[in-house]
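Subject: Structure handover

Hello,

Here is the structure I said I would pass on. My notes on it follow below.

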Amino acid sequence: MSIWRDGSDPKRSRRSALLAVPLLAASLLAALVAGPGGGRAEAAPTTFVHPGVLVSRGQLDFTREQVNAGAQPWKGAYDRMMASKYASLSRVPKPRSVVECGSYSNPNNGCTDEREDAIAAYTLSLAWYVTRDSRYAQKAIELMDAWSGVITDHTNSNAPLQTGWAGSSWPRAAEIIRYTYTGWPQARVDRFKTMLRTVYLPEVANGSHSNGNWELSMTEAALGIAVFLEDRAAYDKAVAKFRGRVPAYIYLASDGALPKAAPGSGLDSRDEIVRYWQGQTTFVDGLTQETCRDLTHTGYGLSAISHIAETSRIQGQDLYPEVADRLRHALGLHAKYELGAPVPSQLCGGTLKDHLGPVTEVGFNALHHRMGYGMTNTQSLTESRRPAGTDNLFVAWETLTHAGNSR
C-alpha cells in the first residue's frame, strides 16, 4: 500500500507525488533550525494575528460570503448552527466560582454549564460575524463576562480535561469579538484575559500523562489562550508539548517496532507501551494510542491535533507539514472503519467501539484542499456527514468554518 494515500488507494495521486520535494525540503529546514539536543527553535510569532484561534479573518469572510450567497454546504451548516440551543439570544449564563468535575463528569458541578456556555459564546460570535447583528455579539460578551467575573478554579479528577475543553472554546469566541466588534469594554476584556491567565492556563500548560487526548486538548487550550494573551512563552511551551505528544499519539511504521513515548511519560519498556496502547501489539500506520479504547476519545485527540495545527498556520508557523503523515494516515484509517470496512482481527481484536464524532473537517480541509493529499476514505466520511454539528464539548460547526476553506 502506498504511503501517500489514507489507506484506501494503492496509487498515489499525481499532486501528492509532487508534494514530496517541498515536504522533504520542509523536513530538512526543520532539521537545520533544530536547537541543541534536537529541540526546535522558538515558534511564537513576533506579532500575533487576530482573530487567529482556529479561524482567521479571511476564513470568516469566506464563511460569510458563502452563507450569504446561499451556497452549500455552508448555508446548511449555518442553518443547523442557528437552530441549535447555542445560538439562542435568550440563553442565561450559569457561571460558578468552582467547577468540580470527577471522572466522566461525575460529579458534574458546573461542568456541562461551563463547556456549553463556552461553545455558545463561540457560536454567537460566528453568528455575529455572518449576520452583523450586534445582538449576537452582545450575548457572547454577556456569557464571557459572566464567567470571567465569577470562576476561580477547577477541581476533582477531570479538572485538567474540563479546563482544556472549555479553555479551547473561550479564546475562539474572544478573538472574534475582540477584533471584529467594538462593543466589548476594555475593562471586561482585561478581566477575561485575567481569567484565562490565572484560572485556565496554569491548569493546562504543563500537559498530562493520562491518555493522549487529555494532553492534546489541554495543549489546544494553552495555544489558543497564548494567542489571545499574546504570550510568546506560553505559545512556545504549547508547541513543544504538541511536538512531543503527536508522535506518541499516532503511530507510523517509521517509528520502529513500537510507538514512541511522550517526553516525561516514563514509558520505557515494551510491556508498558503496549499497556498504554490499550493492549494492542500489532501497530499499523495511523493507529492511535486510543484506537483500541474507543473511537470517540480518538476523535478528541485527532480534532485537537487539527485545531492546534490550524491555529499555528494562521499565526504564520504552520505545524501541518510536521504532522501531515501521521494525521492523514490516522484520519484515513479510522474513516475506513467508520464507513463500514471489516476490522481485521489483529486490530483491537477485530472490534472498534463508538464513533469519531464531527472531527474530520479541519484536518481534511488542510491536508486535502491545501496540501493536495488524496484522502478517499476521509473525504467520503466527511462529505457524507455534513453539515458537522458539535460534540457539546469543544468541537463545533466545522463544516461552516472549514469546508473547502483555503484562506
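Which residues do ring pairs link into a cluster? They are Trp147, Trp170, Trp184, Phe192 and Phe228. Before the rest, please keep in mind that this is a predicted model.

Confidence and overall make-up

The mean pLDDT of the protein chain is 92, with 90% of its residues at 70 or more. Residues 1-39 are the part to treat with care: pLDDT stays under 50 there, and the model has 54 contacts beyond four places in sequence for them. The secondary structure of the chain comes to 16 helices and 5 strands. Of the 407 residues, 57% are buried. Among contacts with a separation of 6 or more, 77% are between residues 24 or more positions apart. The chain exposes about 15500 Å², and carbon and sulfur atoms supply 51% of that area.

In soluble globular proteins, nonpolar side chains tend to be buried together. Here the largest nonpolar core has 118 residues, and Trp170 and Ile305 are those with the most contacts inside it. Helix α5 (residues 111-131) gives the largest share of this core, 12 residues. Trp170, also a member of the ring cluster, touches residues including Glu114, Asp117, Ala118 and Ala121. Others that Trp170 touches include Leu143, Met144, Trp147 and Phe192.

Aromatic pairs and charges over rings

The structure holds 11 aromatic pairs. One of them is formed by Phe62 and Trp74, edge-to-face at 5.5 Å centre to centre, with 85 degrees between the planes. This pair links distant parts of the chain, with Phe62 in helix α3 (residues 57-68) and Trp74 in helix α4 (residues 74-83), 12 residues apart. Both Phe62 and Trp74 are buried.

Trp128 and Tyr181 have ring centres 5.0 Å apart and planes at 75 degrees, so this pair is edge-to-face. Trp128 lies in helix α5 and Tyr181 in the loop between α7 (159-180) and α8 (186-204), 53 residues apart. Trp128 and Tyr181 are both buried.

Two charged side chains also sit over rings. The charged end of Arg132 is over the ring of Tyr129, 4.2 Å from its centre.

Helix α14

Why is helix α14 (residues 361-370) described as largely enclosed by the rest of the structure? Because 8 of its 10 residues are buried. Those buried residues are Glu361, Val362, Gly363, Phe364, Asn365, Ala366, Leu367 and His368. Their cover includes α12 (295-314), α13 (320-338), α15 (376-384) and α16 (398-402). After α14 comes Gly372, with a positive phi near 85 degrees.

Lys260

Lys260 is placed in the loop between α10 (232-249) and α11 (270-276). Its relative accessibility is 39%, so Lys260 counts as partly exposed. Not counting residues up to four places away in sequence, Lys260 touches Pro247, Ala248, Asp255 and Arg326. The C-alpha atoms of Lys260 and Val246 are separated by 9.4 Å, the two residues being 14 apart along the chain.

Regards

Methods:
Residues numbered from 1 in each chain as written. Predicted model: local features only at pLDDT ≥ 70, side-chain atom pairs only at ≥ 80, totals over all residues. Heavy atoms only, no water. pLDDT = per-residue confidence, 0-100. Contact = heavy atoms within 4.5 Å. Core = buried A, V, L, I, M, F, W, Y, C linked by side-chain atoms within 4.5 Å. Buried < 20%, exposed > 50% of the residue type's maximum accessible area, 1.4 Å probe, protein only. Helix = DSSP H or I, 4+ residues; strand = E, 2+ residues; numbered from the N terminus. Phe/Tyr/Trp six-rings, centres within 6.5 Å; stacked < 30°, edge-to-face > 60°. Lys NZ or Arg CZ within 6 Å of the ring centre and 35° of its normal. Areas by Shrake-Rupley, 256 points an atom, 1.4 Å probe, with all protein chains shown as cover.
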